[in-house]
Amino acid sequence: MDYVHLLCLCQLLHVVGSIDPSFFPCDNEVNRTHVDCSQRKLSHIPWIQSPFVTLLNLSHTKIQKVRGVSFSGVPNLQELDLRWNCLPGSLRDLGNPLCQMDINKDAFRGLKKLRNLYLSGNSLSSLPWLPTSLEVLDLEYNHLFNISEPLGTPWLQKLFLGKNCHYLNPCNQSFHINERVFNELSNLTKLNLGFNNITSIPLGLPLSLHKLDLRENKISEVGEEAFVGMTKLTSLNLEWNCQRCDHAAQPCFPCLNNNSLKLHRNSLKINNSLLTFLSLRGNSLLTFPEGLFSSLRQLKRLDISDNFLSLAIRNGSFFQELSQLTWLSLIYNYEPKKTFHNLVLSNYLSQITNLEYLLLSGNFFLELSSESLAVLGKLRHLQTLELRMNFIKSSNLSAFGRLPSLRKVDLSQNLLHFLPKCTNNSMYQLPQVSVNQNGYTRVDDLNPPPMVWERREALNGNQIDFYYENAFRELNATLKALDLSNNEFHFLMRGMGHRFGFINNLPSLEVLSLNDNDIGMRIDQALYSISLKYLYFAGNHLNIMWNTGDNYHKFFKNLTNLVYLDISRNQLRSLSQEVICNLPQNLRALRLSDNLLNYFPWENITVLGQLQHFNISKNRLSSLPNVIIPFRSNFTLLDLSYNWISKLPEKFFRKMQGLRYLYLNNNRLKILKHQTLPDLMRHGSNLKTLTLHGNPFACSCDTAWFADFLWASPVYIPLLTTHVQCEFPESLQGTSLLTMDPRSCPEIFGRVYFLSTSFLVLVLTALPLLKHLYGWDLWYCFQLLWAGHKGYSQLPGSDYDDHYDAFVVFDTENQSVRDWVYNELTVHLENGGRRRFRLCLEERDWLPGLSCIENLHNAVYSSAKTVFVLTSGGTGANVSGMIRQVFFMVQQRLLDEKVDVAVLVLLDEVFPKMKYLQLRKRLCSKSVLSWPRNPRAQPLFWNSMRAALSSDNLRSYDSNMSESFM
């Protein structure tokens with residue numbers, strides 16, 4: 001495959017269809033049949049009404065309740081995904097509370113056409129009514145471990161019940177499913193019961209099954225003819241039931257006394273069996289009963305890895321029952337605490353004449369000799385041989401010549417230090433040899449003859465020195481791809497020189513990886529190759545090479561056919577014009593991501609006339625030049641994501657008519673101006689994909705037009721409804737930019753705008769000043785004039801004599817204050833004590849039909865005292881308007897009548913340091929009372945309250961304060 005085409009494919013993997021957010025906040029396709037609400041912070045199911053919706057995805061949200069009418073608007077739904085909304089046990093994120101999804105029993109009753117229902121990961125302990133039309137039902141990761149009643153789904157084909165009872169989701173009992181459940185499932189073809197603490201093979205399994213998964217349970221025995229009659233079964237998974245624990249990567253649960261899974265001669269007997277895949281992995285097996293596999297005539301793939309079959313592999317006879325196998329895994333069957341000197345294979349293995357793939361990793365032996373592979377020489381169809389992690393120290397690679405069909409050998413992660421010289425050319429007809437992570441130090445000893453097939457060589461993760469120009473010379477005619485990454489050992493040694501002349505001696509080489517070698521000094525000043533097309537040079541030190549004069553400015557220039565260059569992760573802070581101009585002229589893709597670039601010479605990029613894709617993401621670019629860059633029409637992809645760009649200049653994109661993919665996500669874009677919007681973002685351009693998420697957009701009237709643009713744009717914008725969000729102002733932080741209503745921001749032009757704003761500024765400046773100086777007087781005069789204008793007059797008999805002992809004013813919206821007034825204050829003052837006080841309360845004693853200001857005026861002036869009940873939250877800027885006006889009236893009485901009628905009751909222990917409150921305590925401390933927290937002190941409080949209501953405040957003033965102070 002052409003690697004440039006592969007690059008395009010990787011860039012477009014996430015672009016499937018286009019998004020038209022008609023069901024905001026969910027995404028949907030243009031035809032509006034598929035609605036995606038996944039991975040959103042939804043706490044309830046959004047209302048969607050459309051007869052055309054057939055697929056609804058509500059997975060990975062915060063939904064915990066499904067009502068009976070939640071899906072009544074989508075009667076033709078065929079697939080519903082409600083997965084992973086309420087994870088059970090240890091599967092949920094730390095900090096998330098325990099939860100359980102509540103599904104109404106009739107929630108799915110109206111979905112007559114529903115075929116696929118996914119409910120995994122919701123902590124369900126019971127099931128609602130299920131549509132009879134269901135074909136796929138996913139119930140994994142719940143609390144369903146005792147299913148006794150039929151599901152009522154006769155057409156069900158796939159049932160997933162795994163992971164309802166395992167160590168991450170414990171149920172502390174054995175999983176049970178009644179035979180009656182299976183009786184109605186005559187069409188079931190796939191059943192998953194893995195990870196469920198099942199102790200025996202379930203009874204009554206449907207005979208229609210094609211695939212059965214019973215992995216990681218507690219099954220200790222497979223009885224005689226346990227699967228008899230299941231002639232359609234093609235895949236059976238019984239792995240990890242009696243687990244081998246000496247190298248377990250997770251919690252391990254062996255059988256009693258570390259016994260192996262008990263198998264009988266006829267445990268797997270199925271007449272006319274169609275079984276093609278069988279896994280008995282990780283069951284502590286030592287051997288197999290004779291005839292166990294004899295009825296499995298169609299078996300193609302067998303996994304018996306992670307057992308104790310080291311001796312059976314050397315002399316077992318069970319291989320002769322597996323003549324039809326094409327794939328066999330024997331990995332990690334080593335004998336504990338023992339490493340064999342040589343690899344020995346049973347002679348019966350040679351009877352598997354159709355074997356194509358043999359995996360022998362992790363069997364621990366030191367030498368790979370000709371005798372080791374003699375048995376494999378009879379396998380005429382063997383194509384892949386895996387020998388990883390066996391501690392092999394020496395090998396005779398010539399022995400591979402006995403395997404005529406072999407195409408791939410994996411010898412990685414062994415202890416090989418030198419590849420031995422070979423005496424014939426048969427082994428080197430392999431297209432791929434992997435010997436990475438072996439600790440090689442030289443490659444001049446690799447001495448194979450020419451190969452017949454295209455070859456790929458993997459030598460990454462070793463300690464290879466590239467100094468020798470004749471390295472790989474035996475492969476010069478056929479070597480296509482060479483991976484030399486992670487061979488940094490010699491490049492980190494100070495004072496040692498390095499050469500890359502061997503590259504020019506490989507005329508067929510097309511792909512070369514030199515990633516992560518810390519290449520930075522004392523190397524050839526240029527690379528030479530007329531065949532190399534793809535070079536991976538990430539994770540090196542071009543910052544050192546290009547900042548030490550001009551010696552390495554032409555380092556890549558002589559790679560005349562290079563079309564792809566990756567120089568990411570090279571710690572580059574800037575690039576000079578000379579470096580860009582000396583890049584290969586045939587480059588079609590250039591990757592500069594993951595550097596430290598704060599400057600790039602954009603004007604010089606056009607010398608690369610064939611450039612199609614440019615990735616400069618994950619750098620520190622803060623701006624783009626506002627100049628026209630004459631990109632060619634073949635330039636289609638520009639990745640500027642993960643930079644510090646704060647604005648988009650109009651001219652920069654003007655000549656990018658061919659651009660199809662522009663990535664601007666995770667920058668610092670706040671405001672996009674309509675006048676400077678690049679032409680490529682407007683209608684009629686070739687732009688297909690635009691990423692904008694992860695930018696701190698300011699949602700204001702200046703950007704309101706942008707919401708309309710996003711709604712109407714034909715350009716595909718990934719994560720539009722979920723991650724294109726407002727960052728400013730703070731009140732809108734986290735809300736979708738699509739929620740902005742441009743109609744709330746009318747355009748005002750010219751003099752009207754100027755006059756309006758000027759008038760508004762004057763008014764906003766004058767009002768606070770007037771309020772500060774004459775606020776009370778203006779308000780009082782206005783109320784008197786308004787009352788006279790309305791024709792109000794004083795009510796008969798309202799002469800302002802003291803009809804009440806006290807007017808109690810408090811925040812009526814504060815429930816705790818209301819409770820204290822009605823349950824404490826009125827009880828003790830009106831109904832208790834020697835003197836019964838008559839209190840005036842707003843909600844109880846005000847006259848209906850009078851205006852609020854009249855009732856307020858009458859209450860203040862007809863009461864001997866005015867009691868203010870205050871809390872710390874009801875002071876300062878948060879005080880209610882009613883309390884504020886009463887305070888002004890009390891102060892007015894003090895000024896007009898020389899009568900101090902204020903009594904303050906503080907319900908909280910701590911109050912803000914208000915100047916008036918401090919002055920009041922100093923001037924008349926008996927009129928400021930605090931509600932005690934000690935119940936035994938409350939009688940003293942009520943005595944002080946009665947004294948304050950009965951006495952004249954003026955007589956209680958501090959004698960040190962003169963009367964003129966008033």
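This is a predicted model: local features need pLDDT of at least 70, side-chain atom pairs count only at pLDDT 80 or more; totals for chains, interfaces and linings use all residues.
**Stop 1: the disulfides**

The model contains six disulfides. Three of them are visited here, each in turn.

Select C26 and C37, whose sulfur atoms are joined at 1.9 Å. The torsion about this S-S bond is about 105°, so the disulfide is right-handed. C26 sits in the loop between α1 (3–11) and β1 (27–28), while C37 sits in the loop between β2 (34–36) and β3 (55–57). The two cysteines are eleven residues apart, and the pair links distant parts of the chain. Both C26 and C37 are buried.

The peptide bond from F24 to P25 is cis, and its omega is near 15°.

Next, select C242 and C255, a disulfide with an S to S distance of 1.8 Å. Its torsion about the S-S bond is about -70°, so this disulfide is left-handed. C242 and C255 each lie in the loop between β15 (235–237) and β16 (262–263), so the pair ties together parts that are 13 residues apart in sequence. C242 is buried, as is C255.

Then select C699 and C726, which form a disulfide with the sulfur atoms 1.7 Å apart. Here the torsion about the S-S bond is about -90°, so the disulfide is left-handed. C699 is in the loop between β37 (697–698) and α6 (704–712), whereas C726 belongs to strand β38 (residues 726–728). They are 27 residues apart, and the pair links distant parts of the chain. C699 and C726 are both buried.

Follow the chain to P729, in the loop between β38 and α8 (750–789). The peptide bond from F728 to P729 is cis, with omega near -5°.

C581 counts as partly exposed, at 33% relative accessibility. C840 counts as buried, at 2%.

**Stop 2: the salt bridges**

The count of salt bridges is 23. The selections below show some of them.

Select R180 and E149, a salt bridge in which the closest N and O atoms are 3.2 Å apart. R180 lies in helix α2 (residues 179–183) and E149 in the loop between β9 (146–147) and β10 (158–160), so the pair ties together parts that are 31 residues apart in sequence. R180 is partly exposed, its relative accessible area being 41%.

Move to D246 and R244, whose side chains form a salt bridge at 2.8 Å, N to O. Which residue of this pair is buried, and at what relative accessibility? R244 counts as buried, at 1% relative accessibility. D246, at 41%, counts as partly exposed.

Select D845 and R844, another salt bridge, with the closest N and O atoms 3.2 Å apart. D845 is partly exposed, with a relative accessible area of 22%. R844 counts as partly exposed at 41% relative accessibility.

To see a network of salt bridges, select K105, D106 and R109, which are linked in this way.

**Stop 3: a buried serine**

Select S927, in the loop between α13 (915–923) and β43 (928–930). Is S927 buried or exposed? With a relative accessible area of 0%, below the 20% limit, S927 is buried.

Display the polar atoms around this residue. The side chains of S927 and R920 are joined by a polar contact of 3.0 Å. A polar atom of the S927 side chain also lies 2.8 Å from the backbone oxygen of C924. Leaving aside residues up to four places away in sequence, S927 touches A902, V903, L904, R920 and N953.

**Stop 4: positive phi angles**

Select E225, in the loop between β14 (221–222) and β15. E225 is not a glycine, yet it has a positive phi of about 50°. At 36% relative accessibility, E225 counts as partly exposed.

Finally, select Q571, in the loop between β31 (564–566) and α5 (577–581). Q571 has a positive phi of about 60°, although it is not a glycine. Q571 counts as partly exposed, at 41% relative accessibility.

Key. Residues are numbered from 1 along each chain as its sequence is written. Side-chain values use heavy atoms; hydrogens and water are left out. A disulfide is a pair of cysteine sulfur atoms within 2.5 Å. Helices (H or I, at least four residues) and strands (E, at least two) are DSSP runs, numbered from the N terminus. Buried means under 20% relative accessible area, exposed over 50%, partly exposed in between (1.4 Å probe, protein chains only). A salt bridge is a side-chain nitrogen of Lys or Arg within 4 Å of a carboxyl oxygen of Asp or Glu. A polar contact is a pair of N or O atoms within 3.5 Å; within protein, one must be able to donate a hydrogen and the other to accept it, and residues adjacent in sequence count only if both atoms are side-chain atoms. Contact means heavy atoms within 4.5 Å.
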